Every structure is written in C-alpha cells, then in structure tokens.
Amino acid sequence: MTLVDIGIPVLRETIDARADGAADRPDVPELIDRFGRVARDLRVSITERCSLRCTYCMPAEGLPAIPAERLLSADEIVRVVDLAVRMLGVHEVRFTGGEPLMRRDLEQIIAGCAQRLPHVPLMMTTNAVGLEHRAQALADAGLTRVNISLDSVDRAEFAKLTRRDRLPSVLAGIRAARQAGLSPVKVNAVLMPDTLAGAPDLLAWCLDEGCELRFIEEMPLDADHEWARANMVTAATLLEVLGTRFELTEVGRDDPAAPAELWTVNGGPATVGIIASVTRSFCTTCDRTRLTADGMIRSCLFSDHEVDLRGPLRAGASDGELAQLWRGAMWQKWAGHGIGAADFVPPDRTMGAIGG
Ligand code: SAM
Ligand code: SF4
C-alpha cells in the first residue's frame, strides 16, 4: 500500500476563467477548454430535492426549492442531452441531483434519452431510497447502471449522518438494482471522522454483496459550510484504517480520466477505489460538463461561472445555437478548483444544488 498525501492543490492562481469570450477558441465541435481538456462526461442534475439530509451536503431543512417554472421539463432535458451527444461529443450521461428518484418523471426522462440515444450509457447517482420499487421500471426504460451512495451499514450511524432512518430502504434498493441488471452496482461513500471506524465493515459488506466500493474525500461543498481541512478524512488516513483488516495492493486508475484510484483487496479480483478529490486532485484530466436542474451549464463543481441554456432554449434557440453557447461555456473552464489557494471561496451553489 503506497499513497502519499501531497497536500491540497493550488491551481487557482493560473485561472483566467472569466476573461473575454470565446474569440480565441478553435472552431471544433467538441467541448474543449483552454487547457487542452475535452469534456465527454455529462452530469445532469434534475432536482435539488432529496429524501435524505446528509450532513456533508444538505442543510437540515433541505435546500430552497427551485420554482417549478425554472426547472427543466422532461422534454427539455431530453432535448439538451440529445444535442450534447449528437453535436458536442458527449459519450456518457449521468443523472444526479439532489435525489433523482424525487422526480416522478424520471422513467420518462430516461426513456426519452434512451430512445434517441440507444448506444449511449445512461447512468444515475442515487441514494437508493425507494429504488426497490422503481429499479425494474428504470432498467426497462433504458437506464444502464447506478452508483449508489451509502456511507455506513450501521443503522444508527447512517441515521445520524443522513438525518433519516432509511438504511433498510437503501439496502433493499441496492439489491433491487442488481436484480434489475443495473450492474455493476457501484457504491460511493463519503467518510467523516465519525464514520471512519466503520469503513472496514462497509467494505466487507460491499465485497459480500458484489458491489464495487469507492470512497470519496469530502469536499467543501456542504450547505452548512462546516468543511474544514483539519477535519476531513484523507485518502491516506482511510488506507491506514482499511489496512488494519484488508491487504490492499495499489493498481492505479483503470482509465487515465477516471477519478478513482484502485486497490485490489486481499489479492483481488475485488477492488476498492478512492476518489481523492482534495488531496490528489484530478483537475488536469477532468472531462466533465454539468447541467443544473434549472438549465445552467457549469464547467466545474467549484466555479460559480454558469451559462444560461434555459432562457435561450425557451426563447426558441436552435440546437446549433444552444450547442455554441455550451462550447463557449466550456472554453471558459478554469484550470482547477484551487481548494488550497489563499483566495479559495466555496461556490454559491452547494453539492446538492449542482449535482455530484
Ligand atoms: N442524491 C444522490 C446521491 O446521494 O447519490 C445524488 C446526488 S449527491 C450530491 C451525488 C454524490 O455527491 C454522492 O455520492 C454524495 O456522496 C456526494 N457528495 C455530496 N456532498 C459531498 C461533499 N461535500 N463532498 C464530496 N462528495 C459529496
Ligand atoms: Fe441527498 Fe445525495 Fe446530498 Fe445525501 S448526498 S443529501 S442523498 S443529494
């Protein structure tokens, strides 16, 4: 097991995100930026509402509701996803939120995208509350895979962290997803100091259930603004804790653009991943572009720079015009999140409002 905590990247100094428009942008269809990256992975947030209140994400009372008229409709989402794939080189699409299962028309959104884009992987990141009752319909609609967020398999710990006693529903949702063929089911876990000791139990549970577990370092995107470098569980600390029960061997990334670094567990073939977004930032290979539930393009989780697609879309813009706006938005993408920079300020929108 070798992993060195390299500290927090300071990339913001090199950022010139809000400079001029896209006049110097080469005339190519893809979503390129000034640093040579190409965005092919689209994250679509479809709601800010959620059935849980994870302390590292949502405030206890939930996020302020987006007025209904500002939310993109199912048809609007399908149109935008379709043009992103056809005109901008997007290769895969992930629905997120908030909690995507909070939308009753989720099956309609998936079916609309699947009909237009039968060869594109359509995925969802979900907390799995209630998934038990919808997994089959979502698979039938064309959903390819799910990533399920689960931070603890201890019911009391889960309830404390999410402020809701819903662990049984989540576990039933994971099993239903597997039965519906939404495989491989990947489990995402954000560890907090309080839940760190339970990490080996979570890994053991995932190994038993045949789920691929990936830990994510907590980022300063919580609505309560309580994130502190001194309190976050780093990848290095997590590896020490997992190493007390498992033999871990580093295998690196299975794809250079993948954020997760992998370790085999007890000689493999099972692996565990760590997404060290803070201590081992992957900004230089980031290939993401984001659409918020109210129809804004965001080039980075941490940048408040947004480009409005909803307004032009509703005013009658053509697909070509919308695609051009999107290209301009991504050309402005900055070099990196700069969490360690002296002038770092968390973005106005928090994780639940952008979509992780
Ligand atoms: N509700 C769904 C869920 O929890 O999977 C989808 C939305 S949630 C915002 C997407 C992912 O972001 C989850 O895996 C969650 O654990 C992660 N997340 C939320 N807040 C985070 C934070 N402050 N730092 C790192 N990851 C975070
Ligand atoms: Fe909801 Fe997901 Fe945020 Fe938890 S991480 S509060 S489940 S949006």
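**The shell around ligand 1**

Analyst: In this predicted model, the shell around ligand 1 consists of five nonpolar, nine polar and three charged residues. Altogether 17 residues surround ligand 1, and the closest are Tyr56, Gly98, Glu99, Ser149 and Met219. Two strands also contribute: strand 5 (122-126) and strand 7 (186-190) each supply at least two residues of this shell.

Several individual contacts can be described. A polar side-chain atom of Ser149 is 2.5 Å from an oxygen atom of ligand 1. The backbone takes part as well: a polar backbone atom of Met219 lies 2.8 Å from a nitrogen atom of ligand 1, and a polar backbone atom of Gly98 lies 3.0 Å from a nitrogen atom of ligand 1. Taken alone, ligand 1 exposes 550 Å², of which the protein buries 95%.

Ligand 2 has a shell of its own, formed by Cys50, Leu52, Cys54, Cys57, Met58, Gly98 and Asn127. Five residues of the shell around ligand 2 are nonpolar, two are polar and none is charged.

The axes of helix 6 (residues 199-209) and helix 7 (residues 235-243) come within 9 Å and cross at roughly 70 degrees. Helix 6 is therefore roughly perpendicular to helix 7. The crossing of helix 6 past helix 7 is right-handed.

Key: Residues are numbered from 1 along each chain as its sequence is written. Chains are lettered from A and ligands numbered from 1 in the order in which they are written. This is a predicted model: local features need pLDDT of at least 70, side-chain atom pairs count only at pLDDT 80 or more; totals for chains, interfaces and linings use all residues. Side-chain values use heavy atoms; hydrogens and water are left out. A residue is near a molecule or strand if one of its heavy atoms lies within 4 Å of it. Ala, Val, Leu, Ile, Met, Phe, Trp, Tyr, Cys and Pro count as nonpolar, Asp, Glu, Lys and Arg as charged, and the others, Gly among them, as polar. A polar contact is a pair of N or O atoms within 3.5 Å; within protein, one must be able to donate a hydrogen and the other to accept it, and residues adjacent in sequence count only if both atoms are side-chain atoms. Accessible areas come from the Shrake-Rupley method with a 1.4 Å probe; for residues, only the protein chains shown count as cover. Helices (H or I, at least four residues) and strands (E, at least two) are DSSP runs, numbered from the N terminus. Axes are lines fitted to C-alpha atoms, for helices over the stretch in contact, and angles run from 0 to 180 degrees between N-to-C directions. Angles under 35 degrees count as roughly parallel, over 145 as roughly antiparallel, 65 to 115 as roughly perpendicular and the rest as oblique. A crossing is left-handed if the near helix is turned anticlockwise from the far one by less than a right angle, and right-handed if clockwise.
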